[in-house]
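Trainee: I've got a model open and I'd like to talk it through with you. Can we go over it piece by piece?

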Amino acid sequence: MRARESLHRVEDEGELTREALALTQAAARSALTERGSFHLALAGGSTPRRLYEALAHSGAPFERWHLWFGDERC
């Protein structure tokens, strides 16, 4: 999946979370289909917290995901 080169505005944090979840799930499905695994770099801080909580409850096949910590403070 290629990175999008556009700006997408959302109205609130809830919509941001839903959009981010949908994009992450689409990227995961594509990677799982093409390569059998999905790699995701996790950002630190509180900004992505809602996305991570939504992912935790999404029923994603995490046994095929590889999570990497990308916090610049480390």
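Predicted model: local features only at pLDDT ≥ 70, side-chain atom pairs only at ≥ 80, totals over all residues.

Trainee: In what order do the elements of the protein chain run?
Mentor: The protein chain has two helices and two strands. Its C-alpha atoms fill a box of roughly 35 × 30 × 25 Å along the principal axes. Reading from the N terminus, the order is α-β-α-β.

Trainee: Of the contacts with a separation of 6 or more, what share comes from residues 24 or more positions apart?
Mentor: Start with burial: of the 74 residues in the protein chain, 23% are buried. As for the contacts with a separation of 6 or more, residues 24 or more positions apart account for 68%.

Trainee: Are H1 and H2 roughly parallel, roughly perpendicular or oblique to each other?
Mentor: H1 covers residues 13–35 and H2 covers residues 49–56, and their axes are 9 Å apart. The packing angle is about 55°. Roughly parallel needs an angle under 35 degrees and roughly perpendicular needs 65 to 115, so H1 and H2 come out as oblique.

Trainee: Is the crossing of H1 and H2 left-handed or right-handed?
Mentor: On the H1 side, the contact uses Glu13, Gly14, Thr17, Ala20, Leu21 and Thr24, and on the H2 side Arg50, Leu51, Ala54 and Leu55. By type, those residues split into five nonpolar, three polar and two charged. The way H1 passes H2 is right-handed.

Trainee: Which residue forms a salt bridge with Arg50?
Mentor: Side chains of opposite charge can pair when their charged atoms come close. For Arg50, the closest N and O atoms of the pair are 3.1 Å apart, inside the 4 Å cut-off. The partner sits in helix H1 while Arg50 is in helix H2, 37 residues apart. That partner is Glu13.

Trainee: Is Glu13 buried, partly exposed or exposed?
Mentor: Buried would mean under 20% relative accessible area, and exposed over 50%. Arg50, at 44%, falls in between. Glu13 is at 49%, so it counts as partly exposed.

Trainee: How many salt bridges does the structure hold?
Mentor: Besides the Arg50 and Glu13 pair, the side chains of Arg35 and Glu34 meet at 3.4 Å, N to O. Both Arg35 and Glu34 are exposed. The structure's count of salt bridges is two.

Trainee: Is Thr17 buried or exposed?
Mentor: Thr17 is in helix H1. Leaving aside neighbours within four places in sequence, Thr17 is in contact with Arg50, Leu51 and Ala54. Its relative accessible area is 16%, under the 20% cut-off, so Thr17 is buried.

Trainee: And how does Ala20 count, buried or partly exposed?
Mentor: Ala20 is also found in helix H1. Its C-alpha is 18 Å from that of Leu32, twelve residues apart in sequence. With a relative accessible area of 22%, Ala20 is partly exposed.

Trainee: What is the relative accessible area of Leu55?
Mentor: Leu55 lies in helix H2, and it touches Leu21, Thr24, Leu40, Phe62 and Trp65, not counting residues up to four places away in sequence. Leu55 is buried, and its relative accessible area is 4%.

Note on methods
Residues numbered from 1 in each chain as written. Heavy atoms only, no water. Axes fitted to C-alpha atoms, helices over the stretch in contact; angles between N-to-C directions. Helix = DSSP H or I, 4+ residues; strand = E, 2+ residues; numbered from the N terminus. Parallel < 35°, antiparallel > 145°, perpendicular 65-115°, else oblique. Left-handed = near helix turned anticlockwise from the far one by under 90°. Contact = heavy atoms within 4.5 Å. Nonpolar A, V, L, I, M, F, W, Y, C, P; charged D, E, K, R; others polar. Buried < 20%, exposed > 50% of the residue type's maximum accessible area, 1.4 Å probe, protein only.
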